[in-house]
Amino acid sequence: MSLWVDQYRPRALDDLHYHQGLSARLKSLAASGDFPHMLFYGPSGAGKKTRITCTLRQLFGPGVEKLKIDQRVFLSPSKRKIEVNIVQSNYHLEITPSEAGNYDRVVIQELLKEIAQTQQVDLNAKQRFKVVIINEADSLSRDAQAALRRTMEKYMSNMRIILCANSTSRLIAPIKSRCLLMRVAAPSDTEMHTVLGHVAKRAGFDLPPEAAQEIINDSGGNLRKAILVLEALKMQSPDLSGPLTIAKPDWETYCQKVAVLIVTEQTPARVMEIRTKFYELLSHCIPPTVILKTVAEAVVGQVDETLKSEIMHWAAFYEVRMRIGSKKIYHLEAWVVKIMSLYKQSFYQFDISEFS
Amino acid sequence: MAFFQPKSTATVKSTKHVVDPALQPWVEKYRPKTIDDVSAQEHTISRQLPHMLFYGPPGTGKTSTILALSRQLFGPDNFRNRVLELNASDERGISIVRDKIKNFARQTPRAQAIASDGKEYPCPPYKIIILDEADSMTQDAQGALRRIMETYARITRFCLVCNYVTRIIEPLASRCSKFRFTPLDPTSSTSRLSYIADAEAHRNLRRAITYLQSASRLSSSTSPPTPITPTDIQEIAGVVPDLVVRDFAAVLGIDTGGFHDRRRAPKTQSGGFDPIQKKVKELMREGYSDDANLHDLIVLHPTLNAREKSKCALVLAEADKALCDGADEELWMLEVALRVHKAVAP
C-alpha cells in the first residue's frame, strides 16, 4: 500500500489538473518528433517530476514505468571509486549526479558518453533517442555543467537531456541556451483545492472545504506536502470535522524555541544554550540552511521594523559563509551572536533616547 | 546441395541508421558548412594559418567558425584524421595533453588526394587541434601545451576556443593570434534566422534557433496553427515577464512610472519589510528566479542618480557571487530586495 502522493499521482499528461497550457505544450512537443533538451524549473512540490514522467509516457508509452535500480561504479581520475544509483527503464534513465559530490563531472562524462554512443537498434521503437533525466541540476558543479555543453549538441541524435532544477540562477548560460525552459509554478490555492478534492474523491470520502483551506494555508504552495498532510489528518480523525491541528514538524517548533531564546536574553550563557540546541538539530540531519532560514524568519517576526532588514542581511551573509566553509556550527553561532549584539544595541539606544 | 550454394537471392537489407534530417536539432542542421556561411564574423583566413585563439560570449559562432574552416580546408575525407576536437566533456587533464594531444600533434597523416565528393580541397600540410571550451582546462594542462605548440608548429595548428580570454594563461595566449567574436548584431542574426525560417517553410522568425524551433513546433502543432507571439518566446526563453519585474520594482520603491502608465499612480504599497518579504515569497512560489531583469531596469532607469545605481549594482554583484557559491536563493532575493529598497529610499 503506497502513499496517496504516489498512488494518485497523474500518469498521463491529460490527467494533470493545472497548468493546462504547459501540458498542451508538452504534448505537442512529444508528438512532433524532434523533442528538444528541456529544463524544468520551479519550487519543490509544484509538480516538475510528475510532468516529466507524464511527458516520458507520452513519448514512449507505458514501457517507461517498468523501472529498475542499478548501482554503477565510476572511477575518478585519482582512482577513487564513486558509487551512483541509476534508475532506468528501457527508454530512459535517471541520475542524481550531486550524489557523487565533487566528482559529478566524471559521472556526467562517462555515463552520458556511454549512452550517447549506443544507438537504438529496435526499429520499432517509438523514438530514436534515449532520455536522460538529471535531478537537482542546480547543484551540479561548474565543471560538470561545462562537460554537458558540447555533449548536448554533439550527441543529440541519440539522446535527450531533461534537467530538473529548483532555480535557473545556478546554471551556466550556455546550458540554459541549449534547453527549452519550462517553468512549473506552484499551484494556486484554487488549483490546490481541486486537486485535494480529487484525491479525496478517489480515496472515497468528502473533504470539507474548511479543512482543505487549512491544509492549503499550511502547505505554502507545496502540493506534495499538502497531500501528505491530508493523509495524515485522515488517519487522525477519519471524518475530518471539528478543529484540526496540523502537527508541525518537531524541528520547526524547535527552531521557534531557539528564536524565542535569542530575543528574550542576550548573554554568553544563552549562546551556549543555543549551541546545544543547534547541535541537536544538526545531528538530526536538518540542513543548516533550513535551520538558519527558519530561525531568522521566526526572529524577524518578533522584533522591531528597523532591525528586520539587518537580521535578514546577516542571515544571507552567514549563509554564504556556511556554504564556503566546512564547519556549519561556527557560522550559525556567529550569526546568533551578531543578532544578539544588534538587538541589544538597538534596545539600549532606544531606551536611552527615551530617558533623556 | 542447396546448402553450399551462394545465397544470391537473399539480399540483406542494410538498414543503416542515418539521422533523419527532419529530426536533427536545427542548431546542428544549420551549422554553417563553409566559412562564407558564418554569420557576421568577417575574418579573413589565408592558407598560412597561425595558431588561433577564439574568444567571445556564448552563441557567437566560435565553434561553428573553426569547424567550418577545417571542413573547408580538408574536405570530408581528410577531416577525420586531420582534425582533433576536444571539449570540456572529454577528459583534458595533464595526462591527456601529454599523451593524446602530443601523439596526434607529432604524426603526419598522408592526405587522400582525390576527394570522394569530387570537389577540390586545398588540404594544407598540417593538422588542426581544436580545444573547445579551453577556459575550463587546468593551469597545468595549459602549461603542458606550451612547448608542444611550438615544437610541432610546422605540422600542427592549435585552435583554442573559450569564453573568457583571461582564463587562458598568458604564454599560451601570446602564441596565438586572437580573434574576438562580438555578439551578433540584430540584422545578421535576423537574416540567418529568416534563412532558416524560409528553409523550414515557416514564416515566423524570432530570437534564437532553439527558441525558433521549439516555438514553431508549438505553434504549428496546435490547431489551427497560430503565429508566434513575443510572450510565447518570453515563456520559452525563461525570461521573467516585464510586468512581474515592474511589480517587484514598485514594491521596492523604484518609480516605474516612466516605463509603464499603470504605475503612474502614487506609490501606495511600496516600502516596508513585510510587503517585500511577501512579494519575494510570491516570486519564489511562481518559480521566477533571475536578478538580471531587475538589473536592466535599474541600470537603464532615467531618474535614479549614479550613486543609487552603483549601490544597486554592488548589491546585485554580491548576490550573483553568493548564488554562484551555492547560497540559498530566497535569502538572497530578499537581501537584494531589502538593500535595493534601502538604496533608492529617499
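Predicted model: local features only at pLDDT ≥ 70, side-chain atom pairs only at ≥ 80, totals over all residues.
Residues are numbered from 1 along each chain as its sequence is written, and chains are lettered from A, and ligands numbered from 1, in the order in which they are written.

Chain A contains 14 helices and 7 strands, and chain B contains 13 helices and 5 strands. Helices (H or I, at least four residues) and strands (E, at least two) are DSSP runs, numbered from the N terminus. The C-alpha trace of chain A extends over about 85 × 60 × 35 Å along its principal axes. Of the 356 residues in chain A, 39% are buried; for the 346 residues of chain B the share is 35%. A residue is classed as buried if 20 or more other C-beta atoms lie within 10 Å of its own, as exposed if 12 or fewer do, and as partly exposed in between, with C-beta atoms placed from the backbone. Two residues are in contact if their C-beta atoms, placed from the backbone, lie within 7 Å. Among contacts in chain A with a separation of 6 or more, 70% join residues 24 or more positions apart; the corresponding value in chain B is 72%.

In soluble globular proteins, nonpolar side chains tend to be buried together. A nonpolar core is defined here as a set of buried Ala, Val, Leu, Ile, Met, Phe, Trp, Tyr and Cys residues joined through C-beta atoms within 7 Å. The largest such core comprises 68 residues, and the members touching the most others are Leu39(A), Phe40(A), Ile162(A), Leu163(A), Cys164(A), Leu196(A) and Ala226(A). When residues up to four places away in sequence are not counted, Ile162(A) touches Met38(A), Phe40(A), Ile52(A), Val131(A) and Ile133(A). A second, separate core has 53 residues, including Ala296(A), Val299(A), Ile311(A) and Leu331(B).

In chain B, 5 strands form an open sheet with parallel pairing, in the order β2-β3-β4-β1-β5. Two strands are taken to pair if DSSP finds at least two bridges between them. The edges of the sheet are β2 (83–86) and β5 (177–180) of chain B, each of which pairs on one side only. On average, neighbouring strands are turned by 15° against each other, direction ignored; the axes are lines fitted to C-alpha atoms, for helices over the stretch in contact, and angles run from 0 to 180 degrees between N-to-C directions. The parallel pairing of β2(B) with β3(B) involves 4 bridges, and Val83(B) stands opposite Ile128(B) in β3(B).

Glu136(A), with phi near 50°, is located between β5 (130–134) and α5 (142–154) of chain A. Glu136(A) is partly exposed, because 16 other C-beta atoms lie within 10 Å. Glu133(B), whose phi is about 50°, occupies the loop between β3 (127–131) and α4 (139–151) of chain B. Glu133(B) counts as buried, because it has 23 C-beta neighbours inside 10 Å.

A further loop residue, Thr267(A), lies between α10 (250–264) and α11 (268–283) of chain A. Thr267(A) is exposed, since 10 other C-beta atoms are found within 10 Å. Thr267(A) and Met340(A) are separated by 73 residues in sequence, with a C-alpha to C-alpha distance of 8.2 Å.
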